[in-house]
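Let me put the model up.

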Amino acid sequence: MQYDEQVDARGLSCPMPLLKAKLALNGLQPGQLLQVLATDAGSQRDIASFCQLAGHHLQYEEQTAEGVFVYLIKK
């Protein structure tokens with residue numbers, strides 16, 4: 001999976017994964033990809049809602065066997 005930037009928010013509680021993703025997206029150009037790694041289950045709801053409201057595209061979402069949520073967001 002290719003991406004332009006990564007945010008590792010594993011171990012952080014809500015709303016930190018979303019806030020870190022939002023800050024990283026602010027530094028990206030339209031069309032670039034951000035990968036977000038999180039362990040907080042609330043990030044599923046937060047990331048999906050944020051992408052919809054902010055006009056970003058959630059291209060990929062997965063929960064690994066280790067309990068890590070992986071998101072790929074296109075700005």
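I'll go through the sheet, then one glutamine, then the cysteines.

Quick caveats: this is a predicted model, so local features need pLDDT of at least 70 and side-chain atom pairs count only at pLDDT 80 or more, while totals for chains, interfaces and linings use all residues. Residues are numbered from 1 along each chain as its sequence is written, and side-chain values use heavy atoms, leaving out hydrogens and water.

So, the sheet. There are 4 strands in an open sheet, ordered β1-β2-β4-β3, with mixed pairing. Strands here are DSSP runs of E, at least two residues, and helices are runs of H or I, at least four, numbered from the N terminus; two strands pair if DSSP finds at least two bridges between them. β1 (5-9) and β3 (57-63) sit at the edges with a single partner strand each, so one side of each has no neighbour in the sheet. β2 and β4 (residues 69-74) run antiparallel, joined by 6 bridges.

Now Gln-35, which is in β2 (residues 33-38). Its bridge partner in β4 is Leu-72. Buried or exposed? Gln-35 is buried, at 7% relative accessibility; buried means under 20% relative accessible area, exposed over 50%, partly exposed in between, with a 1.4 Å probe and protein chains only.

Last, the cysteines. We get 0 disulfides, a disulfide being a pair of cysteine sulfur atoms within 2.5 Å. Why? The sulfur of Cys-14 is 14 Å from its closest cysteine sulfur, in Cys-51, and that's too far for a bond. Cys-14 is partly exposed at 40%, whereas Cys-51 is buried at 2%.
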